[in-house]
Protein chains: 6
Amino acid sequence: MDIIGGVSRFQSNVFPDQKELFRKLAQDGQRPRTLMISCADSRVVPELITQSAPGELFVCRNAGNIVPPFAMKNGGVSSAVEYAVVALAVSDIVVCGHSDCGAMKAFFAPEALETMPNVKSWLAHSEPAFEVVKSCCGHLPQDQQVEALVLENVSIQLLHLQNHPSVAARMAQGKLSLHGWFFDIESGEVRAVGPDGVFHAVSGDRPLPVAVPASRRIMRSAEAA
Amino acid sequence: MDIIGGVSRFQSNVFPDQKELFRKLAQDGQRPRTLMISCADSRVVPELITQSAPGELFVCRNAGNIVPPFAMKNGGVSSAVEYAVVALAVSDIVVCGHSDCGAMKAFFAPEALETMPNVKSWLAHSEPAFEVVKSCCGHLPQDQQVEALVLENVSIQLLHLQNHPSVAARMAQGKLSLHGWFFDIESGEVRAVGPDGVFHAVSGDRPLPVAVPASRRIMRSAEAA
Amino acid sequence: MDIIGGVSRFQSNVFPDQKELFRKLAQDGQRPRTLMISCADSRVVPELITQSAPGELFVCRNAGNIVPPFAMKNGGVSSAVEYAVVALAVSDIVVCGHSDCGAMKAFFAPEALETMPNVKSWLAHSEPAFEVVKSCCGHLPQDQQVEALVLENVSIQLLHLQNHPSVAARMAQGKLSLHGWFFDIESGEVRAVGPDGVFHAVSGDRPLPVAVPASRRIMRSAEAA
Amino acid sequence: MDIIGGVSRFQSNVFPDQKELFRKLAQDGQRPRTLMISCADSRVVPELITQSAPGELFVCRNAGNIVPPFAMKNGGVSSAVEYAVVALAVSDIVVCGHSDCGAMKAFFAPEALETMPNVKSWLAHSEPAFEVVKSCCGHLPQDQQVEALVLENVSIQLLHLQNHPSVAARMAQGKLSLHGWFFDIESGEVRAVGPDGVFHAVSGDRPLPVAVPASRRIMRSAEAA
Amino acid sequence: MDIIGGVSRFQSNVFPDQKELFRKLAQDGQRPRTLMISCADSRVVPELITQSAPGELFVCRNAGNIVPPFAMKNGGVSSAVEYAVVALAVSDIVVCGHSDCGAMKAFFAPEALETMPNVKSWLAHSEPAFEVVKSCCGHLPQDQQVEALVLENVSIQLLHLQNHPSVAARMAQGKLSLHGWFFDIESGEVRAVGPDGVFHAVSGDRPLPVAVPASRRIMRSAEAA
Amino acid sequence: MDIIGGVSRFQSNVFPDQKELFRKLAQDGQRPRTLMISCADSRVVPELITQSAPGELFVCRNAGNIVPPFAMKNGGVSSAVEYAVVALAVSDIVVCGHSDCGAMKAFFAPEALETMPNVKSWLAHSEPAFEVVKSCCGHLPQDQQVEALVLENVSIQLLHLQNHPSVAARMAQGKLSLHGWFFDIESGEVRAVGPDGVFHAVSGDRPLPVAVPASRRIMRSAEAA
Ligand SMILES: [Zn+2]
Ligand SMILES: [Zn+2]
Ligand SMILES: [Zn+2]
Ligand SMILES: [Zn+2]
Ligand SMILES: [Zn+2]
Ligand SMILES: [Zn+2]
């Protein structure tokens, strides 16, 4: 493993310039404003895409940027969400999918999953997305179906986020917003979904679309309004 | 969320220089050699510490760099491990703990966990580490206990990795090694554990200690030897 | 148990008039158009409120009209949903809460749950609703908080419905709509929630508000639009 | 959905006559004496069959009138049972199966279950009944096997009821009895099982057979007798 | 560990006399007729109490001689039951409780369970027995309550056995009987429960009481009888 | 069941000679020093092989001498381990596999598992052992593969033991050692594995090999050493 060379380079070439930052982070603790949930894919580096410095991004990564619903106790993703919301009080959660995602492509080659039973079970959390694509886009070429699945998958994970009690409460207080992103590896483009379910390319010229803005889920009777 | 500025900077300043790399990664797919399992902590950026380029590091991050044992079906970490080993055939898995870890410190302030039930359940996977520290280091100052816990926690997660069938098989074939690391935020130092359970600072001058080298777990009867 | 008198009355006084209907239902099988998920409360009788004849309403009842998210395998509610959508192809699902709900009131008297461990676990599926109410309506009198909780609970169960693959697919095909109702025991009033999260009294003069109309969850990129 | 017409009819034609009853139920709360666990089937309306008024019957309905054993935490049926026994102190629990049950028929057409994974898992709670029928009635015509399965299924769910701690305790105190029923859609007949395992048609002329009478499960040594 | 002396004694003093038996068992495989489920307690040795030779008794032992209901997938006891019934076709299953059982006594000293979370969860399978004792024998001295609990616990585990599909099927075929025993450590007495729930001392002079004889659980309608 | 004869023989011929021992054990309680986890196989009698008297061996037996990892709450084996370590403070745990094990052989005839779903799930805890054998010994004759699997299975269960918090803590305190054994039915030989993974025949002339001696799992940084 030549990773040892990388660590050496980090220590001699990179760390010295960031010494002060790391010292401060060690002493004051972390205060990230954003939780990013992205894929474990080696080509999708959250800190690179968002140009975040150490200390800025709380990051949970797994195969398929999946968020199981809250009821699944003992889960690593739900724990990261809970920690980010309750202990760190982040103001934004981004679920970031990406092009050519191996986890999403596995739905179209299910035989490969026979040797990966855990991955197969894990992908059950994306199944509603796949069922939507299968029943609505079955006529499209497969690469378009894969992209549709990646987008739908971001959508369903945003749904799952909202059934986490800590998330629901913070959103209702107007202190937390949810974002759904798509990263295109080849073009470097980032698209963000709005409340209407359409993904728009993110650009410095326009405000960032927000999937589910803070303060949205209060239901009430008309007479109480 | 001013993250939109970061994305813009990435697109105008950074991506153009890496365009060719991303194009190649989009077309050829990813071929990382290493899976890194690290904490979601914003101060621990795997690609930075190892100076890895996009495409080099498959990354799973969660609160406490935990690997639940295989039997827990439906898990995100086990799925990432399985995907890395079976689909990507990585040659190395690194479990990377770090100083000042909020997840590990939660063991010493359990009342804070009352509002984070998922985190509490999740940390059960680190409980053997905490029990060891409690019974052996109870007399030490708390910061030393925390550091001991971070190290023990890396150890127990390496144990959990070995009960994953895909990991056990690849190790027995001599094709996969396991590493346990500790990243010190303040000094930027990386320490790696050897088979003897001692963590040594990683340095370009010495070979990297390996926690569990490939080809280790074959048991046999003396007469068959 | 004097219920035997009721059965006798049914057989001598009621059944003879509906004999033909029951014969037809026995021979042709059931073809209900609606699944109603309501509370087990003895005061909330779905067929009475909707004046439905035998054969018209597929009914799932449990304490608190709860729908656990899909990922909880082995569940009775998810099975009823799946059977209604896949095998019976219902066009509408109604989640019906009600005033003075004992399950919802249990959140405000948690000590009573100590002797009902299963109920306590079950109510975890309503916890996001309670957290929203606690953080936003904590200043209101308790009866108003209870009513807010009943409404929020309907909302969160509608969210859970949408993570069922069969539901997501049928909705995306434009063949299934979701409804959220509130039944007021004292006044007999039924209120239905619209997409804006406001509950309006149902009246024969106005169209029925629909919580999540069919064909809503397709996400797409702007360029594909 | 023309259900809105039904609600209007309920409000204008039915509710006014029951206004006093509903007012009383709203103010005094519910005090049902019986929990009925029946199928979600639209043709089996518990309140109709037993001619129960609002407030008389606590009702849990799911596909196949199934009661998972107590150990399955988080379950809707077990919660309804627990609430009925502990909070409402009902004196009788009826498990009511019925003819032409789609859930039971699914055992004879298992391929249909491939698209209903949750139903498939759910029916595992009826598997002992199916195994009994398969091994003892395999030679009978299928409709007789289906009826035998419905009866056996009622039996196994009565068994499951008895492993609920709250049920076991109340029965041992002589305050709770268990009933097993079969409703025949075509004839409107209700049959009830006795301790001998035989189902007899319920009739106003005879006492109601009781499957497991209160005060039955106390074991003791002969010398202590 | 001086157990090595015991192994040596076995090899030099005991094995030579049973050499032929072991050779036959190694070549023909095992054909036990009975599955015994007993406590892990060191004072309760099934082969000693029943004077069984190697090859005669298939033995499952755990704390409290517990049989979780079938629905708990992945369980060691259910697997032993299934293997004994399906693969070995045993004709009898004995659940054997005993006096002074530490697992049962833990119900009366629950604070000790705080350091044994797994034991605590495990004992949930005996909770119906404890609830029965608590509500019916609360006035008795504690040692009598403990004995009552041991007996009730045997009873509830016999109930659990019957919800295993393989057990239910074999019993309905008349090929499998269930037994409930109590072993008194001090007197060496064995008591067996009959269908009436009374435990009688086992004696060579009387037939062995059978808790649930083969061929018992077939339900049927009177007209089909 | 002629087991009644055995009980009679125990009471008339055997118990009288051990009366004093049993009286003492009843009054003082049990104080076993060793937990043995072995297979339910009728040919493997732990007390016989180790020549242990009543009171000396705490015994957990299940199909395949399996120890699920700690995280699987509600488990019988983990409970026995926890009880032995915490309540009884045993100093040694032996995992004992054996030749011709039906559970291990099932891996080579998986179609037989179709009728034993619980056994199939249970054996998932041995899957890493099977994957190792499959990938490393696939070229050997099947009986050698079976024996390799039995040995590897002992190894993986020793791994699982170490993730139990109570075990990890006691080992780190130097008060608990782990042993892995193999019992050969035909020859009566017992082999024990050492830290190097080789099984040696146990003999009174040599010290007993110990798989994982007490006080082994403390990790530390070099500077702290
Ligand atoms: Zn991906
Ligand atoms: Zn951390
Ligand atoms: Zn209610
Ligand atoms: Zn039915
Ligand atoms: Zn015991
Ligand atoms: Zn075996």
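Leaving aside its neighbours within four places in sequence, with which residues is F:Gly188 in contact? The first legend below gives the answer.

The model is predicted: local features need pLDDT of at least 70, side-chain atom pairs count only at pLDDT 80 or more, and totals for chains, interfaces and linings use all residues. Residues are numbered from 1 along each chain as its sequence is written, chains are lettered from A and ligands numbered from 1 in the order in which they are written, and side-chain values use heavy atoms, with hydrogens and water left out.

View 1. F:Gly188 is found in the loop between strand S4 (177–183) and strand S5 (190–193) of chain F; helices (H or I, at least four residues) and strands (E, at least two) are DSSP runs, numbered from the N terminus. Leaving aside neighbours within four places in sequence, F:Gly188 is in contact (heavy atoms within 4.5 Å) with E:Phe10, E:Gln11, E:Phe15 and F:Phe183. F:Gly188 is buried, with a relative accessible area of 0%; buried means under 20% relative accessible area, exposed over 50% and partly exposed in between, for a 1.4 Å probe and protein chains only. The C-alpha atoms of F:Gly188 and F:Val44 are separated by 10.0 Å, although these residues lie 144 residues apart along the chain.

**View 2. C:Gln30 and its partners in chain D.** The loop between helix H1 (3–28) and strand S1 (34–39) of chain C holds C:Gln30, a buried residue with a relative accessible area of 13%. Apart from neighbours within four places in sequence, C:Gln30 is in contact with C:Leu25, C:Phe58, C:Tyr83, C:Leu88, D:Asp41, D:Ser42 and D:Arg43. The side chain of C:Gln30 makes a polar contact of 3.3 Å with the side chain of D:Asp41, and another of 2.8 Å joins the side chains of C:Gln30 and D:Ser42. A polar contact is a pair of N or O atoms within 3.5 Å; within protein, one must be able to donate a hydrogen and the other to accept it, and residues adjacent in sequence count only if both atoms are side-chain atoms. The C-alpha atoms of C:Gln30 and C:Phe183, 153 residues apart along the chain, are separated by 26 Å.

**View 3. The interface of chain D and chain C.** The contact takes 80 residues from chain D and 80 residues from chain C. The buried area is about 7000 Å², of which carbon and sulfur atoms give 63%; this is the accessible area (1.4 Å probe) that two parts lose on being put together, summed over both. The count between these chains is two salt bridges, a salt bridge being a side-chain nitrogen of Lys or Arg within 4 Å of a carboxyl oxygen of Asp or Glu. D:Arg61 forms a salt bridge with C:Glu47, with the closest N and O atoms 2.8 Å apart. There are also 26 residue pairs in polar contact between chain D and chain C (both at pLDDT 80 or more). Elements giving two or more residues to the side of chain D that touches chain C include helix H1 (3–28), helix H3 (76–87) and strand S3 (92–98) of chain D. H1(D) gives the most, with 16 residues.

**View 4. The interface of chain C and chain A.** Chain C and chain A each bring 42 residues to the contact. About 3700 Å² is buried between them, and carbon and sulfur atoms give 63% of this area. Across this interface the rule finds zero salt bridges and two residue pairs in polar contact (both at pLDDT 80 or more). Helix H6 (127–136), helix H7 (142–162) and strand S5 (190–193) of chain C are among the elements that each supply at least two residues of the side of chain C that touches chain A. H7(C) gives the most to that side, with eight residues.

**View 5. Helix H6 of chain F.** The buried residues of helix H6 (residues 127–136) of chain F are F:Pro128, F:Ala129, F:Phe130, F:Glu131, F:Val132 and F:Val133. They pack against helix H8 (165–172) of chain B together with helix H7 (142–161) of chain F.

**View 6. Chain pairs without contact.** No contact joins chain B and chain C, whose closest C-alpha atoms lie 9 Å apart. Chain A and chain D do not touch, and their nearest C-alpha atoms are 9 Å apart.
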